[in-house]
Amino acid sequence: MRIAIVGGGISGLAAAHRLRTLLGPQADLVLLDPSDRVGGILYTPDLHGEPLDLGAEAFVGRRPEVPALLRELGLEDQLVYPAGRSPLLWAGGAAHAMPARTLMGIPSDAESVRGLVDDETVERIAGESSRPLAWYPDSDVDVHSLVADRFGAQVVERSVDPLLGGVYAGSSRSIGVRAALPTLAAALDEGAPSLTHAVSAALPPPSTTPVFGALRGGYRVLIEALVRSSSVRIVGGTAATRLARATAGWVLDPIGLVDAVVLAAPAPVAARLLRYVAPGAAAAAGGIEVSSSVVVAMALPADTALPDNSGILVATGESLRAKAFTLSSRKWPHLAERPDALVRASFGKFGDDSTLAWPDKALVAAAAEDLATVTGVPIAPKDAVVQRWRGGLAQYAPGHLDRIAEIETAVAECDGLAVAGAYLHGVGVPACVATGDAAARRIVERLPVSTKP
């Protein structure tokens, strides 16, 4: 029994791990990835001699997938939680506190954004519930169109865009309401008379459970554990070039005949490989656009007077080049124990890949200069590292859920084939783990009884 996994990110590695636990040691698991390393956008190099994540740094702690996987792998002691500080918003050339009771930056009342937006916008929000709302169940629009129409463009630019940019490396114009804000769409579908009412109904109940979690040693601890647990043969520096049906199983070039395939690659790669075996799925996957970004991590002198906040999110239209800063030593207690003050700066948004071409020296200089602007203190990095993420994040545009349904329906008709990845049901690590696990289980369910342990 030979099973190929295309893509060495967390989705593919989670699939390999689950396949091994379900099929036992006799299964021949082969993983292809065009990179020379596995992990995808989970990457933990050293900065100033100690590990620091330069891709995703956290996961949603209220979802069960990552804690459950850590327990399964014996890594429970790696789980850490943030210090509980809130980020700042940089808008209008000044720092503002994060508004309370918002849903991805969409306010539930006008007073929460007073000072962040102008008085005219505050009045617009306050009177929104008295204006008729046109929303049709099962419809979908981009977040900008909905929020700007009801609350005004300043709310989008100064509160919503910074948060969406952090999740998707996109903007409210490239992200659909239904895929990114399902609870809000549900409230509107159920007849909420205004956006104000819908946001209030969609807000999660108060909870003392930490929103986010991370790993003390960085994500490389998890990646290495999954490679060990799955005993997968890794064929690095090798891209899958063609997928075709065979009399028994599949042909995946360049490795040849296999019994089953898990496509855990980004949407553009999945679209190319599905072109001849599931044309409808390929077309749908090809319609999913991706965004690029750059992360600059800096080690600063420990006494650098950084704000007592978890980070700084930058509004649309500001003169800064960076779109966000994570004040890692403020956000994570385990990083505060290190001898340096650690900061991550993020660059790039959907539709603008220009920062990918900037030299490392220019990116580090821009990060330091912009951080000095927003903090008002001199920034003198002791060390820095730059990581470019080309096409790293899928854009969940309007109609995304329909595209995914089309992909999964078409692939379900192909025995021995399953898909996984960040473009399906969420860009976060828990969602990726869930798709990898589900893909592995689907493969095993469809195997002939004689091949199962």
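**Surface patch, ring pair and a helix contact set**

Val211 sits in the loop that runs between helix H8 (195–202) and strand S11 (212–215); helices (H or I, at least four residues) and strands (E, at least two) are DSSP runs, numbered from the N terminus. This is a predicted model, where local features need pLDDT of at least 70 and side-chain atom pairs count only at pLDDT 80 or more, while totals for chains, interfaces and linings use all residues. Residues are numbered from 1 along each chain as its sequence is written, and side-chain values use heavy atoms, with hydrogens and water left out.

With a relative accessible area of 36%, Val211 comes out as partly exposed (buried is under 20%, exposed over 50%, partly exposed in between; 1.4 Å probe, protein chains only). Together with Val60 and Phe212, Val211 makes up a nonpolar surface patch of about 210 Å² accessible area. Such patches take residues with over 30% relative accessible area and no salt bridge, nonpolar side chains being joined within 5 Å; a salt bridge puts a side-chain nitrogen of Lys or Arg within 4 Å of a carboxyl oxygen of Asp or Glu. Over the face of Phe212 lies Lys331, 5.7 Å from the ring centre (cut-offs: NZ of Lys within 6 Å of the centre and within 35 degrees of the ring normal).

As for rings, the structure has 2 aromatic pairs (centres within 6.5 Å; planes under 30 degrees apart are stacked, over 60 edge-to-face, the rest tilted). Tyr168 and Tyr396 have ring centres 5.5 Å apart and planes at 45 degrees, so this pair is tilted. Both Tyr168 and Tyr396 are buried.

Technical notes: Patch = residues over 30% accessible without salt bridge, like charges linked within 9 Å, V, L, I, M, F, W, Y side chains within 5 Å. Areas by Shrake-Rupley, 256 points an atom, 1.4 Å probe, with all protein chains shown as cover. Phe/Tyr/Trp six-rings, centres within 6.5 Å; stacked < 30°, edge-to-face > 60°.
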